[in-house]
Amino acid sequence: MKKRLKSALVLLLTVLSVISCKKELEKIPLDEFDQESFWSSEQKAMLALNAVYRSTVSSSNWWSTEGLVYLETASDNAYHGQGDNTVYHKLSNGTLTSSSALVSQYWDQSYASIARSNDFLQNVSKVPMDAVKKKRLIAEVRFIRACQYFYLLQHFGSVPLIKATLALEEANKVVKAPRAEIATFVIAELTQAVADLPRFKDIPAKETGRVSKQGALAFLGRIQLAEKRFADAAITYKTIIDFGDNIIDPNYASIFLESNENSSENVYSVQYVPNQLPNPLMQNASPRAMGGFTFIDPLANLMEAYEFTDGTAFSYTDARYDYRDIGKNRDPRLKYSIYYDQAPFRTGKYISHPDSVVATYPDRINNLNTKTGYCLRKYIEENFTGNLNTGYGGNTPVIRYAEVLLSYLEAKLETGDAIDMALLDATINRVRRRATVNMPVITATNAALLRPILRNERRVELALEGIRYWDLLRWGIADQALNGDFYGHPYPVSKATVRKKTTTAPVDPFRRWYVTTRTFRKGVDEYWPIPQNEVSLNPKLGL
């Protein structure tokens, strides 16, 4: 923390490769930030705001693809293509320690973003500009800072609550704030931000990507759900619904592609720009046949969560199950989200079968590619032919209106309010009945029956969007979901031996490919440990 806080102001400028500030950078030594010189115009205030926004998508921050999509590989939805030794897998397999590089990265990036936010909030008052515009800028930064603390609270629990730029000697003396204090701060900051932010519908196209009232409200609802303030969460989500600015887009698959990246369903999303701030997910997660790395490999657990088209639960023994076409007779969101063996791909098919020829079908399972036989389909622009590393600019949703509707129903359910068909039709059924999904309506109004249905709906609707791991933690069921053996694609007809847990273990009855075993430690792995390097600098953080 000491080094990071000392360099926070330098980072504020060095992340900006903007021509308009080049002369200013030439005047100011990079190790000494001249506050009076910088905070002198609205243009520079906007540059500083951009730096705060950009800090949230740096590697291993919460709105980067690592934070949104890679965290799915710590859940029962997916597995990281680089295997058991990846830091993401260790988050939930019982081997996480305070020396984890990944945990340190999330901590570092969060506090770097908080430091930039604190500096902005302390200095923006010096800028001569319209008072209403300034209030909006302040609200945006308060939103971002509050979201950083939201994520720190969810994953680390008690952490230092730093609201102002610290001197170097102060950084070594910070102590952890109680969880309740952090939650209260986040709720207060988001509530204030909502008051000064424009509505979603009032943000002009040239400002797309800046947060709206609905974006701040959606995060307010999230922390209220996490803190079990269900009545408050219901009011918050209902406010978003009553605005009427957002929609359930009829085309599910398109929401995650560049052609429809700013759909009104995407309440808040990360704005990627080709060749400037490109989306790395295309390189990291697309099929090998496209030149990708297939790092996000869905698990059988997720595939099995998608219902048959009549709304009944999936079963391998059901006559409608066809191992040659896993998406047949299934919830359409399965084929929109996951590539499976024989799934349509470009002008042909995605092939992961172990009997396939590697030279012809480079996605064959276990050939330095998919470790489950499945591959991420959601977000993947399969006909994209540019540079996968630098050329793709499709946005990544952070909050979708579908989540708002499902969260509103959850809040009403957990509050103990009576559930009727009108509420179901306005929430879960509205999500299920979108034109390209068109799944049967849910009619269960009994809380005990509805709860597992709603939780499964969240899983399949929000699959591979960075929600599942958090849901398991806040529902208190991570120890149930993340313990045991995990499997991948079934290969009932295979000349090759389907991978087993051990050489002496029986073959899975459905001939699913064995992937890994997780041992989530109840009472330990619900929160990540404070990074050891931080505790070494400041032993108070270990208390």
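Helices in this description are DSSP runs of at least four residues, numbered from the N terminus. On that basis L464 of the predicted model falls in the loop between α19 and α20 (468–475). L464 is not a glycine, yet its phi is positive, at about 65 degrees. Most residues other than glycine have a negative phi. Because its relative accessibility is 0%, and buried means under 20%, L464 counts as buried.

A positive phi of about 80 degrees is also found at Q342, likewise not a glycine. Q342 belongs to the loop that links β4 (338–339) to β5 (343–345). Its relative accessibility is 29%, and Q342 is therefore classed as partly exposed.

For the chain as a whole, 22 helices and 10 strands were assigned. The radius of gyration is 24 Å, which agrees with the value near 24 Å for a compact globule of 543 residues. Along the principal axes, the C-alpha atoms occupy a box of roughly 70 × 50 × 50 Å. Of the 543 residues, 57% are buried. Among contacts with a sequence separation of 6 or more, 70% are between residues 24 or more positions apart.

The largest nonpolar core contains 148 residues, and the members touching the most others are W63, L91, F143, Y149, F219 and W528. Helix α8 (residues 131–156) provides the largest share of this core, with 13 residues. The contacts of F143, leaving aside neighbours within four places in sequence, include W63 and F219.

S64 sits in the loop between α4 (42–55) and α5 (65–68). With a relative accessibility of 1%, S64 is counted as buried. Beyond its neighbours within four places in sequence, S64 contacts T56, V57, S58 and S59, together with Y272.

T445 is located in the loop joining α18 (428–432) and α19 (447–461). At 36% relative accessibility, T445 counts as partly exposed. When neighbours within four places in sequence are set aside, T445 makes contact with I419, D420, M421 and L424. The C-alpha atoms of T445 and L482 are 29 Å apart in space, for a sequence separation of 37 residues.

Y323 occupies the loop between α14 (300–303) and α15 (333–337). Its relative accessibility of 31% places Y323 in the partly exposed class. Apart from neighbours within four places in sequence, Y323 is in contact with P492 and V493. Y323 and S254 are 69 residues apart along the chain, and their C-alpha atoms are separated by 27 Å.

Note on methods
Residues numbered from 1 in each chain as written. Predicted model: local features only at pLDDT ≥ 70, side-chain atom pairs only at ≥ 80, totals over all residues. Heavy atoms only, no water. Helix = DSSP H or I, 4+ residues; strand = E, 2+ residues; numbered from the N terminus. Buried < 20%, exposed > 50% of the residue type's maximum accessible area, 1.4 Å probe, protein only. Contact = heavy atoms within 4.5 Å. Rg over C-alpha atoms; globule rule 2.2 N^0.38 Å. Core = buried A, V, L, I, M, F, W, Y, C linked by side-chain atoms within 4.5 Å.
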